[in-house]
Amino acid sequence: MDNRKISKSRKKKFLFLTAILCAAVMLGSVPQCFAVSAAGGNTDWAEKEPERIKVAFCDIDGFQETDKDGKKSGYAYDFVQKLAIYSGLRFDFVHTAELTWEKQFEMLEEGTVDMVLGVDYSSERAEKYLFSSEGIGTNSICLIEKKNAKVIDPADIKSVDGKRIGFHSGTMAISVFREFAAENGFSYNSYFFSDDKSLERALVRGEIDLAVNANMVAFPETIDIILEMNPTEIFALFNKKSEQLRKRVDEAISQMDVFEPGWRTALREDHYKKAIAVVFSQKELDTIKKYRKPENTLSVICNADMEPYSWFENGAAKGINVDIFKIAMDTAGLRYTILQPKDKSSYEKMIEEGIPDIIIDLPLGFDDIQKKGYIATSSYTSIGIAKLVGKNYDGKTDNRKDTLAVIARPYFDFEFLLQNYPDSKFRTFQTYDDCVEAVRKGNADATYLPIYKALEYINQDSGTLLTMSLVSDHEVDMAAAIRDDLDPNLLTILTKCLANVSDSEKDRIMLEYTAKNVEKMTISGFLERYPIILFLVILAGIVVAVLAGILYYKSRAGLRLKAINEQLMIITEENEKYQDLLEKTLEKAEAANRAKSIFLSNMSHDIRTPMNAIIGFQTIALAHMDDSEKVRECLQKIDVSGRHLLSLINDVLDMSRIESETFILDEGECTIEELVTEVYNMFSSDTEAKGLEFNTEFCNIRNNYVYADKLHISRVLLNIIGNAFKFTPAGGKIILKVEQVSDSADGRADYEFSIRDTGIGMKPEFVEHVFDLFTRERNSTVSGIQGTGLGMAISRNIVEKMGGRISVESEENKGTVVTIGISLKTREASRKEKEKLEFCEEKTKERSLPEGLSVLIVEDNQMNIEIAEMMLSENGFKTDTAENGSIAVEKVLQAVQNGERFDFILMDVQMPVMDGYEATVEIKKIPQAKDIPIIAMTANAFEEDRKKALDVGMAAHISKPINFANIKETMMCVLEKNGQCL
């Protein structure tokens, strides 16, 4: 079969809004509403009917499905929903019960449909139809059998010889398998069926031995995939006359690749069973046959005290690594037995003596293990590292003089500790228990250990004596190893089989073992960790005691037995209430722990996705330095991925600060107009690129001047509008409306902000949990859209800290309305302000900075210096640099002595020798330099950091990562406001 050779067209990914209309409406005595529109001022909620495209929809399990009620689903269906978001097109599915795969192509030629999905490329089809330039997925041909039938040996493909094999008639699987059989030298008897259901039914009934079909079919649980061959891309197909439609679909797919790079994988995971397919060479097949004999049973060793990765229970090996290894060995059908070492020392001694044939869990470097006579496979999983600190630890997690408790013979390399903490004191212990005990008693500041081992200590911790944090930049890769005097093909076989264990299967195993650790918290430990619950328990005891005393007194007074029984019932009910409260609180705590574990797994995936894109496109750019268009395209994609990664980090940091109650509100004077307009401007340029209409409305604003925390109100609005942009298809509308709902009384007034969209909406059951931590709706329509699941939780916490309220109304496929109510302190408007209230963004003259400004860049990171120097010098600035605050002070003094001066100083905050705050104070003491604007340039991006910069005399604050537009805007602000823009 011909391979796909269509050159991939590269289209412009973004369109920018070229004009913003401005409307001014006078407020009269009668309440009225007015709007500013990003789509030409059209404020009518009814939208123009978009172009509609007919898509052929024949039933294929998993790919295109229609249930008895006519509801559609499947890979292709979800792909079309995404396509609608990015293309602005609307799609109608053409479906009948009689529609077959072959009939779709006839309808495409006739013009009855506009598009067919999931088509393999062939030169014959390319002569008759147009293929999309970008693939929409990957299709392979699978050899399948009835579950657990074991009709053939997957390691011996010739065992297929003579078998009865079924095919779906009219598909390319027939010719692909014919070529495969010829290449591998076996024959078979063919049986043909009209559809997938009939084919699978015949297989389950035993009417055929095996079947061949595409893996884009969702096989039922009664089927096992035993071999996968000939992976190829599949495409959307168009009529030869539909070139414009093909271009629009290509552009939409290109945007999907930029903004949701993992969408194909996400759709496949949602709809298809993972193929269990490993293809072995003839030499490998001979080795497998050899090691299936009882006399060649392989001896295997794993660590005895590495729970949850490997340990022994009643003589049987258990753990994450053990289960992954078992799946791999079962794939090849190799015989093995697991040796049980007494302890870690025994484990190491057995390896030194070369006793085991295979080591399961090897966290050593390849060089080390080769010296012991073993060769390692590729890594098949990794172990995260955690840091445990004591209750009285001062919180300086980067303190280079800590006393660190380390295990004498660690399972992983502690070289990163020696590099990062060269001045620290290391105390050596024999077990993790000893290390943790040293931290509890204050004999060590911290210890490092595997993450789930750390969780076990945290959950069993009494009195909250320990605190855990992740070592985010260090993981330990785990591999297996084979003794180097064995058949060398064994190494390749084991590596292939380990690589074939799916990520979802590894996640399932990981969750099965780690969830047990999370749930080990005892009632006593829980009460000590949450003293408020202990207080409630004691209070309940006091209530019971008081009531019992009352009963006793009344009984002595001769009350009837009935009254005593009634009082006892009250006591029992009260006791049950407190017991229920205790149990529910414990359940919530355990649920929160489980949610955080799942969140860590999700974040690992979500952070790696943009990181993979950044590294991947950087590699492509370096390989194509002579192709400026290719490099520009890679840089654009790196920029998108970098911004996405930064937003993930910001969400996690914000939620952490809210939970730790270090979140600070800062109210300042502003206007409702500027607050809303600034938020509007951040999205206005994206509206045309996404094909959306974005409007703002102001209603009944009697008090425009208010005191508010503009930064955090903007953050809430940005979170919610950002969600609306994500989940509203092209052609849809978003409205940001602000209304004053009460007159100012006692210097305060109530305002209501609402964000309405015509997006995909939410299911009722998800709306109930939309503000829960780490929550993201996982349905087929939004699969692949990434985020932390913290945005709405952060928004609710901010609003509640302001004393406000937030609510959500949503209906699936119709849209969402988020309403925020906040009471704000108002300021009386002047007479001129009362006479005329204008909500209009006036056109201003183009602002620019004086030419040839001199800037001192103070930064201890050489890469950051290079970036800042390049940005400034390319834009006409003169630059000088200093590696720390002390050198900066010297350079300022030297410039003054020479009769010169710097126009601006860009000052990093955290630096060795002298930090940025100290350097600012020293520079301000120099009479000739005290008025030089110093701009903080730092990764410390919170409100208290901004205030600290202001307190020491800095003029402005820029958060890293920096860009020239931000630097320029800040400098102009400083000049316009006479030296301060904080």
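Modeller: A crossing is left-handed if the near helix is turned anticlockwise from the far one by less than a right angle, and right-handed if clockwise. Helices (H or I, at least four residues) and strands (E, at least two) are DSSP runs, numbered from the N terminus. Here, α22 passes α24 in a left-handed crossing.

Before we continue, two remarks on the source. This is a predicted model, in which local features need pLDDT of at least 70 and side-chain atom pairs count only at pLDDT 80 or more, while totals for chains, interfaces and linings use all residues. Residues are numbered from 1 along each chain as its sequence is written, and side-chain values use heavy atoms, with hydrogens and water left out.

Colleague: At what angle do α22 and α24 pack?

Modeller: Axes are lines fitted to C-alpha atoms, for helices over the stretch in contact, and angles run from 0 to 180 degrees between N-to-C directions. Helix α22 (residues 710-727) and helix α24 (residues 791-801) pack at about 150 degrees, and their axes are 9 Å apart. Angles under 35 degrees count as roughly parallel, over 145 as roughly antiparallel, 65 to 115 as roughly perpendicular and the rest as oblique. The two helices, α22 and α24, are therefore roughly antiparallel.

Colleague: Which residues of α22 meet α24?

Modeller: Contact means heavy atoms within 4.5 Å. H712, R715, V716, N719, I720 and N723 in α22 meet residues of α24 including G791, M792 and I794.

Colleague: How is strand order read, and in what order do the five strands of the open sheet with parallel pairing lie?

Modeller: Two strands pair if DSSP finds at least two bridges between them. The order is β33-β32-β34-β35-β36. Its edge strands, β33 (878-882) and β36, each pair on one side only. From one strand to the next, the twist averages 20 degrees.

Colleague: Which residues are bridge partners of A936 in β35?

Modeller: M907 has A936 as its partner in β35, and A936 is in turn partnered by H957 in β36. Strands β34 (residues 904-907) and β35 are joined by three bridges, whereas four link β35 to β36 (residues 956-959).

Colleague: Is β35 buried or exposed?

Modeller: Buried means under 20% relative accessible area, exposed over 50%, partly exposed in between (1.4 Å probe, protein chains only). Strand β35 (residues 934-938) is largely enclosed by the rest of the structure, because five of its five residues are buried. I934, A936 and T938 cover one side, I935 and M937 the other, and all are buried.
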